[in-house]
Amino acid sequence: MVKTSCWNSFLEKAQGKEVFTALRYTKEKTLRIIPSLQYSKDGTTRLVESFADQYKAFITTLFPKPPSTSPIKWKDYIIDNKWEWLELEKTEVKQAIFSSSSKKTLGPDGISFAIL
């Protein structure tokens with residue numbers, strides 16, 4: 001009640017630019033950033049407008065549930081010890097070392113490029 005009477009008093013006395021202040025106070029402050037979305041689900045096209053529905057539409061469209069798969073049977077897994085490594089030339093190694101930044105952090109071996 002006090003706020004209402006104060007507001008009404010302000011509006012009654014408003015002159016000049018104070019009218020625009022009143023407009024600024026009453027103007028809707030949120031702008032619709034995301035327009036209405038239209039998406040397909042279960043073969044039907046749907047239109048969503050509320051933020052919560054748009055959120056659900058984005059999540060279900062961009063991140064669908066993965067298909068169900070059978071669990072991996074690790075007892076049947078065979079480790080292949082054959083690795084085919086390509087031959088490296090000395091120039092390739094030198095180029096890799098000198099093209100790397102000396103300011104980068106240490107690698108998993110604890111050696112920085114500055115040492116190399």
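Let's start with confidence by element. Strand β1, residues 37-41, has the lowest mean pLDDT among the elements of the chain, at 78. Helix α4 has the highest, at 85. pLDDT is the predictor's confidence in each residue, from 0 to 100. Across the chain the average is 79, and 91% of the residues score at least 70.

Two notes on method. This is a predicted model, where local features need pLDDT of at least 70 and side-chain atom pairs count only at pLDDT 80 or more, while totals for chains, interfaces and linings use all residues. Residues are numbered from 1 along each chain as its sequence is written, and side-chain values use heavy atoms, with hydrogens and water left out.

The elements are DSSP runs, numbered from the N terminus: helices are H or I, at least four residues, and strands are E, at least two.

Now the surface. Which residues make the nonpolar patch? Phe51, Tyr55, Phe58, Ile59, Leu62 and Phe63, with an area of about 690 Å². Patch residues have over 30% relative accessible area and no salt bridge; nonpolar side chains (Val, Leu, Ile, Met, Phe, Trp, Tyr) are joined within 5 Å, like charges within 9 Å. A salt bridge puts a side-chain nitrogen of Lys or Arg within 4 Å of a carboxyl oxygen of Asp or Glu. Areas are Shrake-Rupley, 1.4 Å probe, with only the protein chains shown as cover for residues.

Take Phe63. It sits in the loop between α3 and α4. Phe63 is exposed because its relative accessible area is 58%. The classes are: buried under 20%, exposed over 50%, partly exposed in between.

Lys65 lies in the loop between α3 (51-62) and α4 (90-99). At 80% relative accessibility, Lys65 is exposed.

Leu88 is in the loop between α3 and α4 too. Its relative accessibility is 61%, so Leu88 counts as exposed. From Leu88 to Lys104 is 16 residues along the chain and 24 Å between C-alpha atoms.

Next, helix α4. Val93 lies in it. Is Val93 buried or partly exposed? Partly exposed, at 38%. Val93 and Lys75 are 18 residues apart in sequence, yet 39 Å apart, C-alpha to C-alpha.

Last, helix α1, residues 2-13, which holds Lys3. Lys3 is exposed, at 73% relative accessibility. The C-alpha atoms of Lys3 and Ala52 are 32 Å apart, with 49 residues of separation along the chain.

How values were computed. Buried < 20%, exposed > 50% of the residue type's maximum accessible area, 1.4 Å probe, protein only.
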